Amino acid sequence: MEAHELFGGEERDGRVPRTSFFTRKLATKFQKMGIDIPASVMAFLDTPLCAFDEEQARYFEEKFRPLIPRLISILEEVYDELGADREGWEDMLTYNVRQETPIGICARAVLVKKERSAEDILTRALRDEQRTRRLERPPCFSRPGV
């Protein structure tokens, strides 16, 4: 069963689901890439995991999980194109994704990747700086018998 069959685009109480910042940005990116994503799939991205029925849960495990690395890569491109910073991205996660959703998982993973990347760059820079810095002994240690 496909995602558009699992989720018709409306909440069970008749309200149309709210589209998160991350889902909107992902949809825009897909559109630029020439990929048409059904609105129901986009709605699935913003569906809280705790609200999944059995079919949605099965779809998430079997079909969506393998796509997560690709979605993370695309969201990382969005992050870079926006010139986003970690704090702003984290704020959008905090205020825009109230419950854990598929898109929230992907957006949070982008943050983790960026944090690891920043740590790697900092570690590499410190290591290079330490390698190039030569320690000089004070003159009093250079003279024998002093």
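## Disulfides and cysteines

A search of the whole structure turns up 0 disulfides, a disulfide being a pair of cysteine sulfur atoms within 2.5 Å. Cysteine 50 counts as exposed because its relative accessibility is 65%, while cysteine 106 is buried, with a relative accessible area of 0%. Here, buried means under 20% relative accessible area, exposed means over 50%, and partly exposed is in between (1.4 Å probe, protein chains only).

This is a predicted model, in which local features need pLDDT of at least 70 and side-chain atom pairs count only at pLDDT 80 or more, while totals for chains, interfaces and linings use all residues. Residues are numbered from 1 along each chain as its sequence is written, and side-chain values use heavy atoms, with hydrogens and water left out.

## The chain as a whole

Let's step back to the overall layout. The chain has 8 helices and 0 strands, so read from the N terminus its elements run α-α-α-α-α-α-α-α. Helices (H or I, at least four residues) and strands (E, at least two) are DSSP runs, numbered from the N terminus.

Of the 146 residues in the chain, 32% are buried. The chain exposes about 10100 Å², and carbon and sulfur atoms supply 51% of that area; accessible areas come from the Shrake-Rupley method with a 1.4 Å probe, and for residues only the protein chains shown count as cover. Contact means heavy atoms within 4.5 Å. Among contacts between residues at least 6 apart in sequence, 72% join residues at least 24 apart.

Helix α2 covers residues 21-32, and its 12 residues should span 16 Å at 1.5 Å a residue; the end C-alpha atoms are 17 Å apart, which agrees. The expected span is 1.5 Å times one less than the number of residues in the helix. Buried residues in α2 are Phe21, Phe22, Thr23, Leu26, Lys29 and Phe30. After α2 comes glycine 34, with a positive phi near 80°.

Helix α5 has 15 residues, and from its first C-alpha to its last it reaches 21 Å, close to the 21 Å expected at 1.5 Å a residue. Its buried residues include Ile68, Leu71, Ile72, Glu76 and Tyr79. Just after α5, glycine 83 also has a positive phi, about 65°.

## The nonpolar core

In soluble globular proteins, nonpolar side chains tend to be buried together. A nonpolar core is a set of buried Ala, Val, Leu, Ile, Met, Phe, Trp, Tyr and Cys residues joined through side-chain atoms within 4.5 Å. The largest one here has 24 residues, of which Phe22, Leu26, Phe64, Leu75, Trp89 and Cys106 touch the most other members. Two or more residues come from each of α2, α3 (39-45), α4 (54-64), α5 (68-82), α6 and α7. Helix α5 gives the most to this core, with 6 residues.

Alanine 107 sits in helix α7 and is buried because its relative accessibility is 0%. Setting aside residues up to four places away in sequence, alanine 107 touches Phe22, Leu75, Trp89 and Leu93. The C-alpha atoms of alanine 107 and leucine 93 are separated by 7.4 Å, although these residues are 14 apart along the chain.

## Where two loops meet

Which residues does threonine 101 contact, leaving aside its neighbours within four places in sequence? They are Leu45, Asp46, Thr47, Pro48 and Leu49. Threonine 101 lies in the loop between α6 (86-96) and α7 (102-132), and it counts as buried because its relative accessibility is 5%. The side chain of threonine 101 also reaches the backbone nitrogen of glycine 104 at 3.0 Å.

Aspartate 46 belongs to the loop between α3 and α4 and, at 14% relative accessibility, counts as buried. Its side chain and that of threonine 23 are joined by a polar contact of 2.9 Å. A polar contact is a pair of N or O atoms within 3.5 Å; within protein, one must be able to donate a hydrogen and the other to accept it, and residues adjacent in sequence count only if both atoms are side-chain atoms. Leucine 45, in helix α3, is buried with a relative accessible area of 4%. Beyond its neighbours within four places in sequence, leucine 45 is in contact with residues including Thr23, Phe64 and Thr101. Leucine 45 and phenylalanine 64 are 9.7 Å apart in space, C-alpha to C-alpha, and 19 residues apart in sequence.
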